[in-house]
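Open the model in your viewer and keep the selection tool at hand. We will go stop by stop.

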Amino acid sequence: MPSRTLRPSPPPFLRRIDSPIGRIEIGSDGQSIVSLSIERDGHLPWEEKDEANAPVLDGAITQLREYFVGQRREFDLPVVMVGTEFQRSIWDQLSNVPFGEVASYGELGIATGRATAGRAVGGAVGANPIPLIVPCHRVLASNGKITGYSGGNGIPTKVWLLDHEGIPHL
């Protein structure tokens, strides 16, 4: 019998916007942002679901548009991120990386008390359910190289975001 991967339920509130890196789909529980997906290969996770608005999504859309035109450097939105304790500790650290700056996977590991957990750190960064707002694109290898990106179309999306923020990379 083939194995099945359970697909999470769509958030109850959902909006989509166009952006320079492709369409973005933002999900909310009605009070907080719970998901953000960047179009990959022309698709979004819940594109078959009708949009349903919540005021927090209006704020998210405004702030994302300001970010993309260079008028916003940090997001001020309530977020709820569901994950393991380790993942949440990494995501908390990501939230502290300012616009135009980077952290390395090793620095994130040290900051969370897991200095030798590079692979686990990378997995947690890649599992970030709210990219851009929780800026996982600001994580590079210690030598400044891009090692991957799970949002949008991968590395080209990350390159655009890094260039947009004036972050040098290899």
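The model is a predicted one.

**Stop 1: Glu25.** Select residues 24-28. This is strand E2, and Glu25 sits in it. Is Glu25 buried or exposed? Its relative accessibility is 2%, so Glu25 counts as buried, the cut-off being under 20%.

Now show the side chain of Glu25. Look for the side chain of Arg16: the two make a polar contact at 3.0 Å. Next, show the backbone of Trp46. The Glu25 side chain reaches the backbone nitrogen there, at 3.0 Å.

Beyond neighbours within four places in sequence, they include Leu14, Arg15, Ser35, Ser37, Pro45 and Glu47.

**Stop 2: the largest pocket.** Select Ser35, Ser37, Pro45, Trp46 and Pro129. Of the 22 lining residues, these lie nearest the centre of the largest pocket. The space inside is about 490 Å³. Which elements give two or more residues to its lining? They are E2 and strand E3, residues 33-38. E3 gives the largest share, with five residues. Colour the lining by class: 11 residues are nonpolar, eight polar and three charged.

**Stop 3: the second largest pocket.** The volume here is about 230 Å³. Select Glu74, Phe75, Ser95, Ile133 and Pro135, the closest to the centre among the 15 residues that line the second largest pocket. Colour by class again: this lining has 10 nonpolar, two polar and three charged residues.

Technical notes. Residues are numbered from 1 along each chain as its sequence is written. This is a predicted model: local features need pLDDT of at least 70, side-chain atom pairs count only at pLDDT 80 or more; totals for chains, interfaces and linings use all residues. Side-chain values use heavy atoms; hydrogens and water are left out. Helices (H or I, at least four residues) and strands (E, at least two) are DSSP runs, numbered from the N terminus. Buried means under 20% relative accessible area, exposed over 50%, partly exposed in between (1.4 Å probe, protein chains only). A polar contact is a pair of N or O atoms within 3.5 Å; within protein, one must be able to donate a hydrogen and the other to accept it, and residues adjacent in sequence count only if both atoms are side-chain atoms. Contact means heavy atoms within 4.5 Å. On a 1 Å grid over the protein atoms alone, a cavity is a set of points where a 1.4 Å probe fits but cannot get out, and a pocket is an open set with protein on both sides within 12 Å along at least five of seven lines; lining residues have an atom within 4 Å of a point. Grid points are joined across faces, edges and corners, and a volume is the space filled by probe spheres set on the points. Ala, Val, Leu, Ile, Met, Phe, Trp, Tyr, Cys and Pro count as nonpolar, Asp, Glu, Lys and Arg as charged, and the others, Gly among them, as polar.
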